Amino acid sequence: MKALVYLPLLAAALLLGWQLSQPAQEPEIEAADSQLAPNPTPRSDGPPAGLLRSAPVASPAAVAPSLRGTDIDGRLQANPDGSLLISDQLRHLFDYYLSTAGEQSHADIVRQLQALISASLPDPARGQALDLLQRYLAYQQQLITLEQTFPVAADLDALWARQDAVQRLRAELFSAEEHQAFFAGEELYNRFTLERLAILRNPELSDTDKAYEVEALRERLPEDLQALLVPQIHQDLRQQTSALRDKGASEAEVRALRLSLVGPEATDRLETLDQQRAAWRQRVSDFNREREAILSQPGLADSDRASAVQALLEERFDHTEQLRLSAIEPTAPES
């Protein structure tokens with residue numbers, strides 16, 4: 001699971017999401033840049049890999065049925081001096097177990113995490129990790145209360161206020177280092193989303209101006225975050241374009257959607273592709289109409305009909321197009 005999987009309820013206003021499952025393995029006390037890491041998440045700054053202390057792999061802990069057959073997400077690591085290495089991997093690990101709420105009791109989940117930490121880390125990292133776990137659990141509880149104060153709404157000012165309140169709560173419970181490791185990527189993404197909404201709702205901007213501003217905003221994101229956004233943006237674009245067209249939306253509305261999601265250059269490319277597809281469909285339609293006229297013409301022998309259809313095919317389509325036509329129109333021409 002990526003860090004963005006753990007976006008709080010602000011995600012109700014957002015476009016993105018994804019999931020990942022892999023074969024099971026236990027968490028390891030290992031170097032921060034080990035090739036065995038189960039997640040391609042951004043690495044936290046820390047000491048060189050060769051200086052990180054290792055400990056025996058923890059014995060398997062009982063987990064909920066939904067987690068069986070998946071990789072344990074996250075790692076426990078200690079610095080050379082025995083202190084806890086603070087990284088996003090800790091939050092991944094906590095959330096991996098906490099995601100089983102409903103399958104097992106909260107107390108059982110906490111016991112599993114505590115046992116895993118105690119078996120995996122030396123002191124003082126062990127005590128620091130257990131303390132951080134307790135503060136993270138307190139954060140989760142206080143976040144529920146906060147959500148009741150800031151219900152999900154379309155009002156942009158309310159969304160900004162909620163974001164600010166969540167950041168203040170995190171600052172109260174976590175050190176600057178912990179805050180950065182656990183929440184920096186999420187907060188950067190949330191700011192991007194709110195700024196994007198502000199652009200899209202600005203009545204003084206044309207659709208094209210909005211598209212350029214959103215594109216510039218997206219390009220200011222770190223490359224790894226941009227890479228995570230792209231697949232979901234394309235999926236959202238396909239789904240929303242289809243939904244618009246099913247409702248009979250105009251091409252202007254489709255263009256506005258594309259501009260808001262992928263920017264002017266990609267929108268121009270998509271419109272060119274639309275035109276090419278429309279032209280191809282028209283050519284196929286014309287061919288089929290003339291083909292039917294040949295096949296229905298009385299007085300022609302079957303061999304003459306087949307020859308006429310083949311001649312029409314070769315007149316209207318080159319060899320590559322004929323292969324494409326045979327793939328999508330299996331009953332079209334017979335050679």
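Student: How much of the chain is buried?
Tutor: Buried residues make up 41% of the 335 residues in the chain, where buried means under 20% relative accessible area, exposed over 50% and partly exposed in between, with a 1.4 Å probe and protein chains only. Keep in mind that this is a predicted model, where local features need pLDDT of at least 70, side-chain atom pairs count only at pLDDT 80 or more, and totals for chains, interfaces and linings use all residues. Residues are numbered from 1 along each chain as its sequence is written, and side-chain values use heavy atoms, with hydrogens and water left out.

Student: OK, and what about secondary structure, how many helices and strands?
Tutor: The chain has 10 helices and 0 strands. Both are DSSP runs numbered from the N terminus: helices are H or I with at least four residues, strands E with at least two.

Student: What share of the contacts is between residues 24 or more positions apart?
Tutor: They account for 68% of the contacts with a separation of 6 or more. Contact here means heavy atoms within 4.5 Å.

Student: Which residues touch the most other members in the largest nonpolar core?
Tutor: Phe-94 and Tyr-139, in a core of 35 residues. A nonpolar core is a set of buried Ala, Val, Leu, Ile, Met, Phe, Trp, Tyr and Cys residues joined through side-chain atoms within 4.5 Å. Helix 1 (88–98), helix 2 (106–120), helix 3 (125–149), helix 4 (156–173) and helix 5 (176–200) each supply at least two residues of this core. Helix 3 gives the largest share, 9 residues.

Student: What does Tyr-139 contact, leaving aside neighbours within four places in sequence?
Tutor: Val-166, Leu-169, Arg-170, Leu-173, Phe-174 and Phe-183. There's also a second, separate core of 15 residues, with Leu-205, Leu-229, Leu-237 and Leu-257 among them.

Student: How many aromatic pairs does the structure hold?
Tutor: There are 13 of them. Rings of Phe, Tyr and Trp (its six-membered ring) pair if their centres lie within 6.5 Å; planes under 30 degrees apart count as stacked, over 60 as edge-to-face and the rest as tilted. Tyr-189 and Phe-192 make a tilted one, 6.3 Å centre to centre with 40 degrees between the planes.

Student: How are Tyr-189 and Phe-192 placed along helix 5?
Tutor: They're 3 residues apart, so about one helical turn separates them. Tyr-189 is buried at 2% relative accessible area, and Phe-192 counts as buried at 6%.

Student: What sort of pair do Phe-287 and Phe-317 form?
Tutor: That pair is edge-to-face, 5.6 Å centre to centre with 80 degrees between the planes. It links distant parts of the chain, 30 residues apart: Phe-287 is in helix 8 (residues 251–295), and Phe-317 is in the loop between helix 9 (302–316) and helix 10 (319–328). Both Phe-287 and Phe-317 are buried.

Student: Which residues do ring pairs link into a cluster?
Tutor: Phe-94, Tyr-136, Tyr-139, Phe-174, Phe-182 and Phe-183.

Student: Last one: which residue lies over the face of Trp-280?
Tutor: Arg-324, at 3.9 Å from the ring centre. A charge sits over a ring if NZ of Lys or CZ of Arg is within 6 Å of the ring centre and within 35 degrees of the ring normal.
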